Amino acid sequence: MKPAPFTYHRPQSLNEALGLIAQLDNYKIIAGGQSLMPMMNFRFLMPDHVIDINLIKELSGITKEGNQLRIGAMTRQHAIHTSAIVQEAAPLITEAYSLVSHRQIRNRGTYGGSLCHLDPSSEQPCFTAALDGVIEVASQEGRREVPIAQWTAMYMTPDLASNEIMLGAKLNIWPVTHGWSFMEYARRHGDYAIVGVAVLVNLTKDSRIEKVSITLCGVDAAPVRLNMSETSLINQVADDAAIEVVMTEIENIPNIMEDALNTADYRRHLAKSLTRRAMNAAIVRAKQRNS
Ligand SMILES: Cc1cc2nc3c(=O)[nH]c(=O)nc-3n(C[C@H](O)[C@H](O)[C@H](O)COP(=O)(O)OP(=O)(O)OC[C@H]3O[C@@H](n4cnc5c(N)ncnc54)[C@H](O)[C@@H]3O)c2cc1C
């Protein structure tokens, strides 16, 4: 299949792009095109206008600003995966990108494209939630920030008005002593995860949990932060008993999504076994970095 006819626009600046989306009806923004083009080719989407934001330089880049990492929406996934700044500040992200699709797709695909496409199984909203990301968006009326917990308006639909463009996101940097792990189960390497988990943990010198972040993808429309476990694990010794607290919260997650191939029970089972493994791996790394 080929896409339905459309008019192609290539703005040179953010202001020009914001002007176009304010005046055009039935448009789609194209970033890396890795999700949009298949949907247009299958004619799931038939926009009258396609607005290519690839020439807008200010939308790309990775910077460290104080205790935060900022990733521009148009930053290619390959650039993030291979970034020394990211590897040092947030190794969870580097590990997550080793599981994201294939090199050819990461070469074109962008961070912002993934956050706006918002596939529930994607690693990218998941690590953004794990790192308490705040998403920056702009329209001609101004700019606003959306915490990742409020970013999913509904299934595969971000909290983005029709006159807004995502600019990037700010992610919290954890202490250098923290441990991390991103694990997932996918049918083939490079496929979207059926279920994935991101774990961050920081320990005290006597191996008690000082701070922990546990996030699942592939279980609901939005990434699921296990907030109750995160709170109750503070000051607990990082051992098997602590991990069992998390299993109880996973057991009680309501309405886990399912499809023709993967039942809710199967996803819950994956969530438990992956979280158990990822917590162990993150704790081992935290102990190594603490010693
Ligand atoms: C075979 C295959 C395997 C894949 N496997 C994985 C995987 O394992 N994990 C994973 O996370 N992803 C996977 N992907 C998806 C990949 O990460 C895409 O690159 C990503 O979902 C979309 O990024 P993009 O830059 O290509 O966006 P596009 O396809 O260009 O756009 C996607 C959507 O976001 C909107 N959009 C893009 N940028 C902006 C912006 N700045 N502001 C507002 N709206 C915007 C577009 O209008 C469109 O609706 C896979 C894709 C393929 C084809």
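## A tour of the model

Start by selecting Val134, which stands opposite Pro147 in S7. This is a predicted model, where local features need pLDDT of at least 70, side-chain atom pairs count only at pLDDT 80 or more, and totals for chains, interfaces and linings use all residues. Residues are numbered from 1 along each chain as its sequence is written.

Next, select residues 134-139: this is strand S6, and it pairs with S7 in the antiparallel sense over six bridges. Strands here are DSSP runs (E, at least two residues), just as helices are (H or I, at least four), numbered from the N terminus. Two strands pair if DSSP finds at least two bridges between them.

Now widen the view to the open sheet, where five strands run in the order S4-S5-S10-S6-S7 with antiparallel pairing. At the edges you will find S4 (62-65) and S7 (142-147), each pairing on one side only. Neighbouring strands of this sheet are turned by 25° against each other on average, direction ignored; the axes are lines fitted to C-alpha atoms, and angles run from 0 to 180 degrees between N-to-C directions.

Then colour the chain by domain: 7-52 is domain 1, 57-172 is domain 2 and 181-290 is domain 3. Such bounds come from an automatic or database domain assignment. The centres of domain 1 and domain 3, taken over C-alpha atoms, are 36 Å apart.

For your last stop, select Val199. What is Val199 in contact with, leaving aside its neighbours within four places in sequence? Look for Trp180, Ser181, Ile214, Ala278, Met279 and Ala282. Contact means that the C-beta atoms, placed from the backbone, lie within 7 Å.

Terms used: Contact = placed C-beta atoms within 7 Å.
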